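Okay, thanks for coming, everyone. Let me put the thing up on the screen and then walk you through it.

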Amino acid sequence: MIAIEHLTKTFKISRQQRRDMGPGFTSTTVDAVHDVSFTCNPGRVFTLLGPNGAGKTTALRLIATMLQPTTGSITVMGVNVVKEPVEARKRMGFLTGNTGLYDRLTPDEMVKYYADLHDMDATTYKRRRDEIFTLLGIHEFAKQRIAKLSSGMKQKVSIARTIIHDPDVVVFDEPTAALDVITSRSIIQLIKNCRAQNKTVIFSTHRMGEVSLLSDDLAIIHHGSLIFNGTFKVFQNQMQTDSIEDEFVRLVEAA
Amino acid sequence: MKHFVTVFRKELIDTIRDRRTLFFMVIFPLVLVPLILTIVTKIQTSSMRKAEEKIIRVGLVTNGNAVDFANDLMRSHGLRIVDGIVPDSAESFINRDSLDAVIVVGRDFDSEVAQLRSGTIRLYYKSSDDYDMVKRRLTAEIDQFEKSLRANRFKKLNLDEAIVKVVQREDHDVASAKERFGKAVGGMIPYFFVIFCFMGAMYPAIDLAAGEKERGTMETLLTAPVSRFQILLGKFAVVVLAGILSAVVSLLGMYLAVRQVQEIPRELIQLIMSMLDFQTVVMVLSLLLPVTVFFAAVLLSLSVFAKSYKEAQSMISPLSIVVILPAMIAVMPGFALDPITAMIPILNVALATKEIIAGTIKGLLLLEVYGTMFVLASVSMWGCAKWFEREGTIFRGT
């Protein structure tokens, strides 16, 4: 479970960034995330939807403890991420569209590296590795250098790295953004599997097809603030347009 | 500690498998440096020999004087004497490369010498880059002629040549051969190892920080349940190891080059070997450690700040000049290790190495160098750790 209350993240901005924002912008800071609250529950997929630069990645980085909140609180499986970031990370897996793999390692070495960082014992590691490698079909290229693998193979390794320690919470930051349709399917399947295994799943996207395919709960973020937060069913019931995409655009433009 | 080892082991494997890093860390110092050194020495020796053996074309104008000198020149091996030169055209002959030199004996040379005065011999030549061999060889001929004339003059006057030698200077250099060589050439060793240490650490530092950010692996690494300090420490240790390894390999490369170049006298090689005893090597390497830690901290700090591999390269490359400068100053004469220079980073290590090799290092100054470098290494490492913790550094430009 992830619980977020009144989360704000303020960044200082440089003169250059201020100039880029136009003559009307005089502040020295900007809120990438502003007073955001939501809860992600186990066995449900929480979708964070928003246009580019809305604050999705910042919100997920705050949950994953890469960034520290300016105000507000985040708890992951009951652990306060600010006070005990390492404990929180033990319970989390993080996956982005960028595979985030080391080209000069093999899939075996890559997954073992993360298993070691998660202090997995040898027996558990071996069992998990065999399960995941069999499920994803990694065995046949497990000893090859990652640089030589196709993007689909790389994504499988990336998935294996993310879930090797069997996390309770999985964070997906635009996981399909840079992927082709076939490779995207493996990610979508992974998200479904995580839900089936009663894991807490949060994923950000701007692909409407994925929203309708996966979402149990939905939050729409724009300029750092939530403009919708509820179940996907509620969202569908409240729709004033014909498609999710049109409704998303309407909400963003109205905000 | 366990996570530090995990990160270190992974980064080491990753670094060893990076061909570019491996090239600058091992291949370049171990193969290319001896190769370049060997080729340069061989070319230098061969061009020196060629200059010595070259037939020098000498225009000779005696004005009917110095017959013995003219005969000596005619008989001299390696000279081709050309008669009938007009003295006024000497310069133009040399500038046109028709002649290498012109010797003009004064019109009244014989009579001046006979009257116990000085006769004039004018030597025209052009300074050149082939070791000024024309001037050296012809000056030797003229000196030889003067010597025989002087001997004849003293004989004629029935005098002993020793009467003009009023002072017999006796030089006693109390510096040992090791000391002389250490002071003269010892400066080159830190010059090499400081540069290679920096170069060897440079590419791993860029790859393990900026490269990791660019590939997107840093983001996922930061979600692992490991403190940032342990991640940094693992990377740091690999960069330090690469720097030290590179410096040691460069010294090994130089050693191999010295052994390979046959033109170096055997006695000199023995002297070099005797200088590099166990204690000297240990002391030099112990100085290398804080330098490398300092380099690693600076390099990693810049690299982690850079948005991409390319930006890190452009930020770090100019630094090599900053590193080379103090190492170069240490090679210059007149710079010695004193309480002030012992506090100037890199210069202090280079000067201390020179003194260690020469066997003249003073304990207190060495302690000051260690102290300065230890403080610098600790502060730079602490700064790097703080820098790595900053969100603005890690996520700059994302």
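Helices (H or I, at least four residues) and strands (E, at least two) are DSSP runs, numbered from the N terminus.

Keep in mind that this is a predicted model: local features need pLDDT of at least 70, side-chain atom pairs count only at pLDDT 80 or more, and totals for chains, interfaces and linings use all residues. As for labels, residues are numbered from 1 along each chain as its sequence is written, while chains are lettered from A and ligands numbered from 1 in the order in which they are written.

So, confidence. pLDDT is the predictor's confidence in each residue, from 0 to 100. Chain A averages 90, with 100% of the residues scoring at least 70. For the complex, the predictor gives an ipTM of 0.90 and a pTM of 0.81.

Let's start with chain A. There's an open sheet of 4 strands here, ordered E2-E1-E4-E5, and the pairing is antiparallel. Strand E2 (29-40) and strand E5 (79-80) of chain A sit at the edges with a single partner strand each, so one side of each has no neighbour in the sheet. Strand E1 (residues 2-12) of chain A pairs with E2(A) in the antiparallel sense over 8 bridges. If you want one spot to look at, find Ile4(A), which stands opposite Phe38(A) in E2(A).

Staying on strand E2 of chain A, Asp35(A) lies in it. Most residues other than glycine have a negative phi. Asp35(A), though, has a positive phi, near 50°. Now burial: a residue is buried if 20 or more other C-beta atoms lie within 10 Å of its own, exposed if 12 or fewer, and partly exposed in between, with C-beta atoms placed from the backbone. Asp35(A) has 14 other C-beta atoms within 10 Å, so we call it partly exposed.

Another one in that class is Glu87(A), which counts as partly exposed because it has 16 C-beta neighbours inside 10 Å. You'll find Glu87(A) in helix H3 (residues 85-90) of chain A.

Next, strand E9 (residues 217-222) of chain A. How many of its residues are buried? The count is 6 of 6. In a regular strand the side chains alternate between the two faces of the sheet. Both faces of E9(A) are covered, with Asp217(A), Ala219(A) and Ile221(A) buried on one side and Leu218(A), Ile220(A) and His222(A) buried on the other.

Who pairs with E9(A)? Strand E3 (residues 45-49) of chain A does, in the parallel sense over 4 bridges, and there Thr47(A) stands opposite Leu218(A). Strand E10 (residues 225-231) of chain A also pairs with E9(A), in the antiparallel sense over 6 bridges, and Asp217(A) has Thr231(A) as its bridge partner. E9(A) and E10(A) make a hairpin with 2 residues between them, and His223(A) in the turn has a positive phi of about 50°.

Over to chain B. It's divided into domain 1 (2-43 + 177-394) and domain 2 (53-162); those bounds come from an automatic or database domain assignment. The centres of the two domains, taken over C-alpha atoms, are 55 Å apart.

Chain B also has an open sheet of 4 strands, in the order E2-E1-E3-E4, with mixed pairing. Strand E2 (79-82) and strand E4 (121-125) of chain B are the edge strands, each pairing on one side only. Strand E3 (residues 101-105) of chain B pairs with E4(B) in the antiparallel sense over 5 bridges, and Ile103(B) has Leu123(B) as its partner in E4(B).

Last stop, where the chains meet. Two residues are in contact if their C-beta atoms, placed from the backbone, lie within 7 Å. By that rule, 18 residues of chain B are in contact with 21 residues of chain A. Helix H1 (2-16) and helix H9 (217-221) of chain B each supply at least two residues of chain B's side, and H1(B) gives the most, with 5 residues.

Note on methods: Two strands pair if DSSP finds at least two bridges between them.
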